[in-house]
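Subject: Structure handover

Hi,

Here is the structure I promised you. Please open it alongside this email, and then read on for what turned up.

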Amino acid sequence: MKKRVFDVVIVGGGISGCALTYILAKYSGVKSIAVLEKYGSLAPLNSNARSNSQTLHCGDIETNYSLAKAVQVKRRANMIVRYAETSEKNDFLYKFPKMILAVGEAECAKLEARHAEFAADFPYMQWWDAEKIAEVEPAVALVDGKPRAEKIAASGCTDEYSAVNYGNLSRSFINAARKFSADIAVNLSTEAKKIQKFDDHYEITTLQGTFMSRFVVVSAGAHSLLLANQLGHGLKMSILPMAGSFYYVPKMLNGKVYTIQNDKLPFAALHGDPDLIEPNKTRLGPTALVLPKLERYTGGTYWDFWKSLKLDFKVLKVFWDLMKDSDIRNYILRNIAFEIPGIRQKLFVKDAQKIIPGLKQSDLTFAQGVGGLRPQVIDKVTGELKLGEASIVPENENLIFNMTPSPGATTCLSNAYRDAQIVCKALDIPLDKQQLIDDLLDGQDLS
Ligand SMILES: Cc1cc2nc3c(=O)[nH]c(=O)nc-3n(C[C@H](O)[C@H](O)[C@H](O)COP(=O)(O)OP(=O)(O)OC[C@H]3O[C@@H](n4cnc5c(N)ncnc54)[C@H](O)[C@@H]3O)c2cc1C
């Protein structure tokens, strides 16, 4: 019997793989898609609601984004809002108040200037003084019922979508994809071990059998680079896995409270968030810690880490350049300390009191099993630690490899749209761009 050849095989059943399945099923002429997921459920790792901050990043409260980046991310984030509006069941997108909090004279002045700069593109954001902050988030503005000592101000809003359960969204994408005519085969507990190229197709070897495909998209998080390397691609890249942990406190916040970023630091500043799966708790974090493995809370993957890091002088130079800067060095050391039982609560409470000034050490519990791993890419040619997403799209091949740290969950639909265009062009299959643009982008294509 002749073996079946899929149009597209997607390796990885996280939010990236599921969003692409949906976009291809709804808007393209692709007839058959196989999703291969290593574990027994969809979104088991970073896209799971326990692993990330559950934020729909719109650029309004992320002070590590420039205005240009914020505007770009907002349009991409809005694709999830548009998707939710047409979805039969919304168990993934939620409205909570959100704000950027400034503490002290210098931060208040900085935030006021940013608020003015962003006002035209983010007209729903309001300028809040201490009194208004106390109305929205009493625990941020008051200690024992009295105003906190430092001057505070915020740029915030109360009626916008701000939180997403990306695990539920992943499942929603697959359920929605199944309503269209394409044949969707979701293969759980199916790990792609090897990808090989043949004349007119690729073969993906798994313990469950071999899958043949005309196009392969690998959205396997930190594992994508190793699979690319097997085929000789992305050899000048390394993966630096940055774990992020969280702490729980009893429910003290009503919404998301982000703090002002130190521009030198590579990761988002500490924030406080409601937890969609633990509604009686507030989550604080994430921390940032290099871990020598590719998955946070599963066994193994240590050897895969070393193979993906490809330690040499170029990688060491990137580490050296980071450690040379005292702000970054202190940040790295402090984040290591945040993981050490015995001292971690004592240190973390000091940082967290910036958000909740009345917080006590005894309120904090390390959120065991919560948090994920951001696959940050080191470009060994430029000697840069890349902070955003990275993809490898080899020329004259029907292959894409995606590595998507934050805000990769927020931008899942725009990334899927980008990949769908590449897939459809290579396979000469139609893609109804206009319908997608009308449905998800309010009639105006992404630039
Ligand atoms: C602490 C933290 C906080 C974050 N907060 C946010 C946030 O608030 N908002 C936001 O937008 N983003 C956030 N992110 C980033 C976001 O979680 C990721 O960008 C997103 O989940 C990436 O999705 P993905 O599908 O590409 O990867 P993943 O969710 O990691 O999925 C990859 C999948 O591939 C599977 N896989 C791996 N290897 C194989 C193989 N060989 N064969 C088959 N399957 C394989 C894995 O099991 C996994 O299910 C955060 C990340 C972290 C770590």
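First, a word on terms: helices and strands here are DSSP runs, numbered from the N terminus; a helix needs at least four residues and a strand at least two. Also, please keep in mind that this is a predicted model.

Overall picture

The protein has 13 helices and 24 strands. Its C-alpha atoms fill a box of roughly 75 × 50 × 35 Å along the principal axes. For 447 residues, a compact globule would have a radius of gyration near 22 Å. The protein has 22 Å, so it agrees with that rule.

The ligand

The ligand is surrounded by 41 residues. Gly12, Gly14, Gly221, Gly244 and Gly408 are the closest. The shell counts 23 polar, 14 nonpolar and four charged residues. Which helix gives the most to this shell? That is α1, with three residues. Both α1 and β21 (373-379) supply at least two residues each.

Two contacts are worth checking on screen.

Start with α12. Helix α1 covers residues 15-27, and helix α12 covers residues 412-427. They pack at an angle of about 55°, with their axes 8 Å apart. The two are therefore oblique to each other. Their crossing is right-handed. On the α1 side, the contact uses Ile15, Ser16, Ala19, Leu20, Ile23, Leu24 and Tyr27. These meet Cys412, Leu413, Asn415, Ala416, Tyr417, Asp419, Ala420 and Val423 in α12. Of the residues in this contact, twelve are nonpolar, two are polar and one is charged.

Now turn to α6, residues 166-177. How do α1 and α6 lie relative to each other, roughly parallel or roughly perpendicular? Their axes come within 8 Å and cross at roughly 25°. Angles under 35 degrees count as roughly parallel, so α1 is roughly parallel to α6. This crossing is left-handed. From α1, the contact takes Ile15, Cys18, Ala19, Thr21, Tyr22, Ala25 and Lys26. From α6, it takes Tyr166, Leu169, Ser170, Phe173, Ile174, Ala176 and Ala177. The classes here are eleven nonpolar, two polar and one charged.

To recap, α1 crosses α12 right-handed and α6 left-handed. It also gives the most to the shell around the ligand.

Best wishes

Key. Residues are numbered from 1 along each chain as its sequence is written. This is a predicted model: local features need pLDDT of at least 70, side-chain atom pairs count only at pLDDT 80 or more; totals for chains, interfaces and linings use all residues. Axes are lines fitted to C-alpha atoms, for helices over the stretch in contact, and angles run from 0 to 180 degrees between N-to-C directions. Angles under 35 degrees count as roughly parallel, over 145 as roughly antiparallel, 65 to 115 as roughly perpendicular and the rest as oblique. A crossing is left-handed if the near helix is turned anticlockwise from the far one by less than a right angle, and right-handed if clockwise. Two residues are in contact if their C-beta atoms, placed from the backbone, lie within 7 Å. Ala, Val, Leu, Ile, Met, Phe, Trp, Tyr, Cys and Pro count as nonpolar, Asp, Glu, Lys and Arg as charged, and the others, Gly among them, as polar. A residue is near a molecule or strand if its C-beta atom, placed from the backbone, lies within 6 Å of it. The radius of gyration is taken over C-alpha atoms; the globule rule is 2.2 Å times the number of residues to the power 0.38.
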